Amino acid sequence: MRIFSVSHKTAFVVDHCPYMAESSRQLIECDMLTKSRSQGVIPLAPVSKSLWTCAIECSMEYCRILYDVYPTKKLVNYIVSDSEVHILNSWKQENQNTQELMTALAAVGPPNPRQDPECCSVLHGLVAAVESLCKITEYQHESRTTLMDTADRVANRGRIICLTNAKSDTHVRMLEDCVLETIQEQNKRAAGSDRLMPIQQCELVLVHIYPQGEETLVSDRQKKELSSVLSSEVHSVRAGRYLAGKLNVLVQQHFDLASTTITNIPMKVRLTEEQHANTSANYDVELLHHRDAHIEFIKSGDLHMAGSTSRDSGLKETVTLKWCTPRTNSVELHYCTGAYRISPVDVNSRPSSCLTNFLLNGRSVLLEQPRKSGSKVISHMLSSHGGEIFLHVLNSTRSTLEDPPSISEGCGGRVTDYRITDFGEFMRENRLTPFPESMVDAACRTPVERAKFQLERHTRYWPMIISQTTIFNMQAVVPLANLIVKDTLTDEDVLTCQKTVYNLVDMERKSDPLPISTAGSRGKGPKRDEQYRIMWNELETLVKAHVGTSERHQRVLDCISACRSKPPEEEERKKRGRKREDKEDKTEKNGKDTEEKGWTTDSERLKGVMEREKDEQSECEIIKDSPDSPEPLNKKPRLATEEQQPPEKSKGPVSLLTLWTNRITQANSRKHQEFAGRLSSVNSKAELYQHLKEENGMDVHENGKATR
Amino acid sequence: MPTVVLLDSSLSMTRPVSVEGSEEFQRKNLAVHGLTMLFEHMATNYRLEFTSLVAFSSLWELLVPFSRDYNTLQEALNNLEDYDKTCLEAALQGVSNVVQQEWGTSCPCQVVLVTDGALGIGRGSLRHSLQTVKQRVDDKKFPLPFPFPSKLYVMCIANAEELQATDSMDNLEQLINLNGGEGQIYTMEGPLCLKSVQSMFGKLIDQAYSPFHAVLRCGNLTSDVQVFPRPEPVTIDEEVDPIPKTVQTDLEIVGFIEIGDISSPPVLSRHLVLPIAVSKEGDEIGTGATDDTEEETSTNQMAGKSPNFCVLLHGSLKVEGMVALVQLGPDWFGMLYSQADSKKKSNLMMSLFDPGSEPLPWLGRMSQLGPASDAAENPYGEDDSKSPFPIQPKHKRSYAQNVTVWIKASGLQTDVQKILRNAKKLPEKTQTFYKELNRLRKAALAFGFWELLKSVAELLERECTLLPDSAHPDAAFQLSHAAQQLKLASSGDSKYAAFEQNITPMLTDFSGGGGADRI
C-alpha cells in the first residue's frame, strides 16, 4: 500500500452560497409523541433540512467513517466557499477530528439567503482547495526529510470533493476548467518552494445536490481524464438520504472499504415504556472497514457465496458473518493475519451501540462464516484495544507448521531442571511499558535501547539450570542478587548487599547447610566448608560481572572479598591440596553428561557455565582475577578420552556387577528427582525438622523454589 | 512455504541427450536426477516443508498430495510414466486448484516447474495460451498470477541457446511476468549432463531452500536457531521505500509483554524457532551427509542434554502466559511465544509484525517501549493488577463518543424524543434534560439547522402548557427557559449561538439552593 496515494489528502469544498439555503424538501416529523397524548393537540409542522444542512451532515458522516477507520495519515482539509473562502482546518494531524470541524462549521452557520448571489461562488473554494493540495503535510515532510536523496519518491496526490448546486453541465465544465487551470498555475509556483509540492495527480469529485421533487439540470458522468494530472467525475444527487447513500458509497470507494454485516447478535431489549417485557432478539449490525479484511473471500471468489447485498445502500455488497458463542478469552493468542479498524454504518442505532459498547467493555466476539452445510469456519474476530474496535482476520486454513517436532525433542530438550520459575520472574522484571515521546535518558538512549541494556545487565551471570547454581537457590542471597544487577546503587542498596554478605558469613559460622545440588552423586557430596567455598566463588562471579557498573558495585565486591571465609594464602595452600582430591573426585564421577558436572567441583561447574555463555573471554578474565579461580580453560582441557574412561578406574579393579549397578543407578537417578531429605542426608540418615533450626528460612533446594 | 513440483512428462521429455559416453540419458532422467537432489536436500535440511508432485502432459495428475514424506515423493518420481503433448495452462490451473484446496489463498507457495522447454504446439501450447491471454472471459482466466502469493521457478532441462532458438524463452519470461515477476528461469549451462543438472538444481536450492539460521539473544543468554519457514523479504510501500526489508540473523529480545496485553496482534507470518547445535568447527549437527548416522545420533543426544536457552525461554513463556518482543531489524519487530500443537507438544514460535515504527496501535511506538522498572511508578501495579496497555488514542472513535447523526429521520426523532421524555420528568431529570438539549443544540448549530431549534422550542412551549396541575412548579420554569434559549440560538446571534456555550438550567427558588449544577 502506498501512503501518499490520492487518498492521503482530501479537500472538501462545500458551497455556502445563498441558493444552498434552499429547502431539500425532505420533511421530517419531529412531533412523534402525539399518539400517547391527550387528544386534541395539533401536531407541529414537520421540519425540513436545507441543501446546506444535507451537504454538511453527509460530509461529516464521510469524515466520521474516515477518521474511525484511518485515525492517521488520511487527512481532510475542509473548505467553505461563498463570497470568500473559509478554511476550517489544516492538514495537521491534530486538526483531524469531527469535533473541531463541527465547531468551525457552527461558526460559519447556514448560508445567508440575503447575500448578493453575484459575488458568491464555489470557485473560490476550488481554487483554495488546489492551493491547499500543494501544501506539504507533516507526513510528506517527515518522509522527505528521512529519505534525503530520494525525497522525490514522496508523491503529492489528492482529491477534491465539491458539494455544490450547479446550474448546468456547462457550469460543471467551467468548474473543471477552473480547477485544471489553477493546478497548472499552482504547480509552477510550487516548483520553486520548500513548503509546497506540485500536484502529480488530482481527482475531482463534483457532487451536484438538488432538492427533492425537482428535475436535475446536471447529468451524471463517469470518471474522465481531463489531463495527465486531473480526472473528474460528476454525481447528480437528490438531497437527503440519496445524498447520504452516495457519500457512503464514495467513502468506501475512496478508501478501499468493504462492508460486513454481523448477524444473529443476541441482544436483550428493553422495549419502550408501553411494552415492559424484557425479551431477547437477534439483531444485525453493518460495519465498514478496510476491504483487506475480506481478502480471502475476494481471492477465492467466495464473495458472493459468503455475502448478500446490503439492505439500504443498494450499490454495495456486504459480507455476512455470524455472531458466534462461546466467546473467546483475552489470554488466548489467535493466529491473526490482519486487524482493521471498523466504523458502524448506523452509529447511533440501538443494535450498533449495543454491539460497540459490548466490545468497548473489553470482550471479544468470534465470527463465523455462514455455510449451508459442513463444519463451521471461524474466520474473524471483533475486539477492542484501547477504545478502538478492530476486525481481526483469523487464519482458517490448514497450517504449514502443523505437527512440528516438540521442543522437548530438540537441543536442550532432555534437560529437566531449567530455572523456569526464576526466568518467569526475570521476564516479569523485564516487562515493557510505553514511555512518552520526549523521554530520552542522559545517554540519549531510546527506551527500547534501555530495555536491551537492562537485559544485558540482568543476564551477565544467569545459570540456566538449577544444578548449575547454588546462590540462586538460596533465599538469603535474593536481596543482593536483585540489587547488584541495577544500573545505579544507592548507599542504602550497598548496605543491604553488605548485610546479605554478613548474613552469609553468619550462616557459614553456624555451618548451616547449603542447597548444593547433589543430584546424581552418591554419598555425601562436598563437605560443608567446600560447599561454602563453592557458594562464595559463585557469589563473587556474580558480583564481579557488575563491578564495572559503578564504584558502589565495587564496594559490594570489596565487602565479599573482605568477609570471605579464608584468607587468600591459606586458601591457595588448601586449594593445592584439594586439587589432588578434585582429580580423584573427577575421575570417580566422570562418564557423566556435561550438565551433571555441576555438582562435581566448582571449577568444573564454572567451566561449564563459561562454555555455555558465549561471552567466554570476559568471563575468563573475571575468573582469572579471582584468587580462588580455577585455572584457565586452555590449561586444563577436558579430554575426550577422560570422558570415556570407565568410572572409578583410579580405585582399582571393579567387578562387572559394580560397573553395571553404577550404570543403572546413574540412569535411574536421572529419571526422578531425588528426595530432598536424601539429598541433604549424612550417611543416608536425614535429619528431620531441619527447618526449625534454620533461622534464615533458607530453602532446601527444590525445583521451582516455592518459598521464594 | 509449501512447494508444488510440476513435472513435464510429455513425450518430448524422453528425447535422448547426445553424449559421447557409454550411457544414454533421456531429458526425463536428468529431470528426475535434479529433483532427487532437491528432495534429498529437503529431507535433510528442510524437512518440515510440505511438497506435492504433479505430473502433466495434455492432462495433469496429482501424483503425491502435500507431504513431508520424501520417500513417497521419490518413489513417485521413480515410477513416472510418459504421456503425450505439453499443455501447460491446464497444468498451472491444476496447481492453482491443488494449492487453494489445501492452503487457501493467503499461504505463500513455491511452484517448481520442470520442463524441457518444448512447450507444445497449436491449441493448448503455451504460445497459444499467451496469445489469447487478453481475450479471456471471467471463468476461463489464465491461471497466472496465482491467487496466492507465489514464486514460480522454471527449471529447464535445456540450455539457454536452445530455448532462445525458438520462442520458448520469451514465452517462459512472459509467464514469470504474468506472475508479477515473482519467480525465475533456470537453464543448464554447457552440455546436458548429470553435472550440469546438479549445478542448476544447486542454484535453486541456494535461492529457495537454504535454511535460515540465526542467533536468538536475550542479553547474554543466546541460542543458535533455525527459523522455519525462512522469513522472506518484505516491501511495505513500494513507492517510498522500494527496497525489501529482510530479517537479520541476530534476533534480539527487547523485553516481555503479557499475552493479554499484546492481544492477538495481526502478523505477517509465523515461524518455528528451532534450537540447533553448532559444533566447534561451525558445522551444524544434523545437516551433514547422513553417512555417519551413528555419530550423528550420539551428538544429537548430547545436544539434547546440554541446556539450551530456547527451551528455558519457551518453558517460562508458556508458564507465565507471556510473549517476548524481538527485534528483527531496524524498525521491525516480532514476538516469540509458546505455541501448543497438541496437549503434549508445544513449540517456540515467532510471528513477524508489519515492518514500521508502530505495527500495533495498542502498543504505541515500538522504540518508546522501555523497561517498566525505569518508570517512576510501577505501571503494572504492586500486585500486578494494572497494565500500561492498551494505549488510548488521542481522539475517541465516533462509536465511543455519542456523536449526533441525523442522516436518517429516526436519528433525529430519537434525539427529540429523549428531550421530551426528560421534559416530562422535570425537575428530577433536569441534568439529563439539559444534557440532551445541549447535544441537539450543538449539532443543529454545526449543521446550520436552525429550523430545528425553533421547532423544538415550540415543542417545549407546548409541553409547558400541557403540564398537569400536579407538576412541580420548577418544570414550567425550566421548559420555558429552555425554549427561550433555543429560540435565541436559532437567530444565529453570536451571543446566543456560540457552539461551545451550553444552555444551563435556570436557577429558581425551587431548585434547592442552586443545586442545579452547571453542565
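**The interface of chain A and chain B**

Tutor: Start with one pair: B:Asp384 and A:Arg428 form a salt bridge through their side chains, 2.9 Å from N to O. The term means a side-chain nitrogen of Lys or Arg within 4 Å of a carboxyl oxygen of Asp or Glu. Across the interface of chain A and chain B, the rule finds 13 salt bridges.

A word on the basis. This is a predicted model, where local features need pLDDT of at least 70 and side-chain atom pairs count only at pLDDT 80 or more, while totals for chains, interfaces and linings use all residues. Residues are numbered from 1 along each chain as its sequence is written, chains are lettered from A and ligands numbered from 1 in the order in which they are written, and side-chain values use heavy atoms, with hydrogens and water left out.

Polar contacts come next. The rule finds 52 residue pairs across the interface of chain A and chain B, both residues at pLDDT 80 or more. A polar contact is a pair of N or O atoms within 3.5 Å; within protein, one must be able to donate a hydrogen and the other to accept it, and residues adjacent in sequence count only if both atoms are side-chain atoms. On the side of chain A that touches chain B, helix H1 (residues 51-69) of chain A gives the largest share, 10 residues. Helices (H or I, at least four residues) and strands (E, at least two) are DSSP runs, numbered from the N terminus.

Now the extent. Chain A brings 136 residues to the contact and chain B brings 140 residues. Contact here means heavy atoms within 4.5 Å. About 12300 Å² is buried between chain A and chain B, with 59% from carbon and sulfur atoms. That area is the accessible area (1.4 Å probe) that two parts lose on being put together, summed over both.

Strands also cross over. Strand S19 (residues 432-434) of chain A runs antiparallel to strand S16 (residues 369-371) of chain B, joined by three bridges. Two strands pair if DSSP finds at least two bridges between them. A:Thr433 faces B:Gly370 in S16(B).

Chain B has cis peptide bonds to note. One runs from B:Phe389 to B:Pro390, with omega near -5 degrees. B:Pro390 sits in the loop between S16 and helix H11 (409-423) of chain B. Another runs from B:Leu426 to B:Pro427, with omega near 0 degrees. B:Pro427 lies in the loop between H11 and helix H12 (430-446) of chain B. Most peptide bonds are trans.
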